[in-house]
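Colleague: Please take one part of this model and go through it closely, giving the cut-offs behind each term as you go.

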Amino acid sequence: MKHRVGTAGWLIALALCGSGPALGATCSCAGTPLLTAIDTSAREKGQLFISYVTEDHRISDLVSGSRDVRDETGRDRESFSQVVSASYALTDRWAVSALVSHIEHRRTIRSSQLGETRTSGIGDSVILARYTPIVITPFNRHEWALGLGLRIPSADDDLADGFILSEDMQPSTGARGTILWTGYTYAFNQAATVVFNATANYTDNQSNDRQYAFGDEVSLFAGVGHNMGPRFSYSVGLRYRRTDADSRGKFDIPNTGGEWLDFVPAVQWSLTDRLDLGLSGRIPIARDLNGALQFTTSYSYGFSLSYGF
Amino acid sequence: MAPGFSGQAVNTGQSIRLQDYAGKVVFLDFWASWCPPCVASLPAYNQMRRDIGTDGFEVIAVNVDEHSEDGLAFLRRHPVDYPVLLDPAGDIGIPYQLRTLPRSFILDRSGRVVASYRSYSAGDEQMLKQEILRVMGSPE
C-alpha cells in the first residue's frame, strides 16, 4: 500500500514532466510530448514502477498570433503516442527513469490532392535521473527535486511519401536533446492528501542529420492534487510552455514557436494496491504563436496504467 | 544498530527504552490515525503478538500523528495490548528515515534491524509471524 506516496508521488510524476520535446514544432502543435509520459513514481529505495501511457493530440486549430483563424484548407491533424516507461529508485534520494515511444502521425488536407498522409514508428527515447534532496515525510511538508535527462533519437526520422516528409510528420526527431527540470511540492496536511506542486523544465534541442533543430523549450506547471481516499485522486493545474522557433542550419523556420497556456485536469484510480489507472487532458486557454499562421493543438487527452513492484 | 529511543507508553503506562529489550526480538511499527492500512494493521499485530507470546518477543508501536489526540482517540476506540509511544515531532521516526506509512521493522535480540516493511495488506501478519519466529529461532 503506497498511501501517502499516492497524491504527492502521482502529482509529482504527472507534473514534474509537464511538457515534452517539441516533436512537431513546425506546426507548433506540441507534437507528441514524451516527457508527460515518463513515470517518476519510484521514490523509495528499491521501488520499481512500469507504466504504459497513451496520448492523443488533435491539432486542428489555426492561429495567427493569439487569434483563432478559420481554416480554409480543411486540414486535420492528429498525433498519437504510446509510451512504455520504467522508474526505479536507486536510493531514497536518487531515481532513474526511462521510456521508449511509438508515434503515429496523421494529416489530411481536404483542399489538396494529397489526401491523407500517415506515418508511424518507434519514436525517441528518454532517460532521466532525479535527485530529491528534500523529501516529504510525516514530519516535513516540503519536497524539492532536481533532474537531468537526455532525449535520444532511437529510430529513423526519414520516412518518405515520394519525398522525405517534414520533421513534424516523423516519429523520431532524429536529434538529441538535453532536459533540465526542477520541482517543488508542499503538502497541506500530514497525510499529504492535498498537495501543491510546481515544476520548471528546460529542453535544449540539437539538430538532426538534416540540420533541423526543434526550438528550445521552457515549460512551467503549477497545480493542486487531492487524494480522496485510498482509491481516487484528482488534480488540476496550469501549464505554460514557450518554444523558440525551429531552425535549419542558421535560419529560423517561419511560423514555428510561440507560447501556450493550458488547463491540465487529471484523475487517477488505484485499481489495486499496485495498479493505477489515470486519465488526463490538456485544454488550451491562451496561446501566442510566432509568424502569420500556425496549426496548433485543439485539445489532447491521455490514458495511463502504472504498476508498482 | 537500530536507533535508540525512549518514552512512556500512553496506553500501558510503561516506561519504554529500546535498549531494555536487548535479548528480545522486537517488532517496531510506525503508524498514524490518518493512514488506513496502519489502522487495519493494529488489530492484526495485536493478534500476532498474542499468537507468538511475549517470552522473547515484543511489539512496540509509535504513533506519529502531528496532533497526538487523534492517535489517542483511535487507541481508545481500538485498544491494543502492546506499548504505544507518541512521536508527533519525529524524535523517534526521523532517525528511522520514515517517508511513508505504515513502516515497520524487525529487530533481532542484538537490536539490529534485520527486516523492514513499507506497507500492510490483510494477511501480511502471517508472513510477519513466520519471519519473527525465524529470527527468534536464529542463533545470535
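Modeller: Trp31(B) touches Cys38(B), Ser41(B), Leu42(B), Ala61(B), Asn63(B), Leu101(B) and Pro102(B), leaving aside residues up to four places away in sequence; touching, or contact, requires C-beta atoms, placed from the backbone, within 7 Å. The model is predicted, so local features need pLDDT of at least 70 and side-chain atom pairs count only at pLDDT 80 or more, while totals for chains, interfaces and linings use all residues. Residues are numbered from 1 along each chain as its sequence is written, and chains are lettered from A and ligands numbered from 1 in the order in which they are written.

Together with Ala32(B) and Ala61(B), Trp31(B) touches the most other members of the largest nonpolar core, which has 33 residues. Such a core is a set of buried Ala, Val, Leu, Ile, Met, Phe, Trp, Tyr and Cys residues joined through C-beta atoms within 7 Å, where buried means that 20 or more other C-beta atoms lie within 10 Å of the residue's own, and exposed that 12 or fewer do. Strand E3(B) gives the largest share of this core, six residues; helices (H or I, at least four residues) and strands (E, at least two) are DSSP runs, numbered from the N terminus.

Helix H3 (residues 124-137) of chain B also contributes two or more residues to the core. The buried residues of H3(B), namely Asp124(B), Glu125(B), Leu128(B) and Ile132(B), fall within an arc of 85° seen down the helix axis, so they line one face, the arc being taken over directions from the axis to the C-beta atoms. They pack against E3, H1, E4 and E6 of chain B, whereas the face turned away carries the exposed Gln126(B), Met127(B), Gln130(B) and Gly137(B).

Methods
Two residues are in contact if their C-beta atoms, placed from the backbone, lie within 7 Å.
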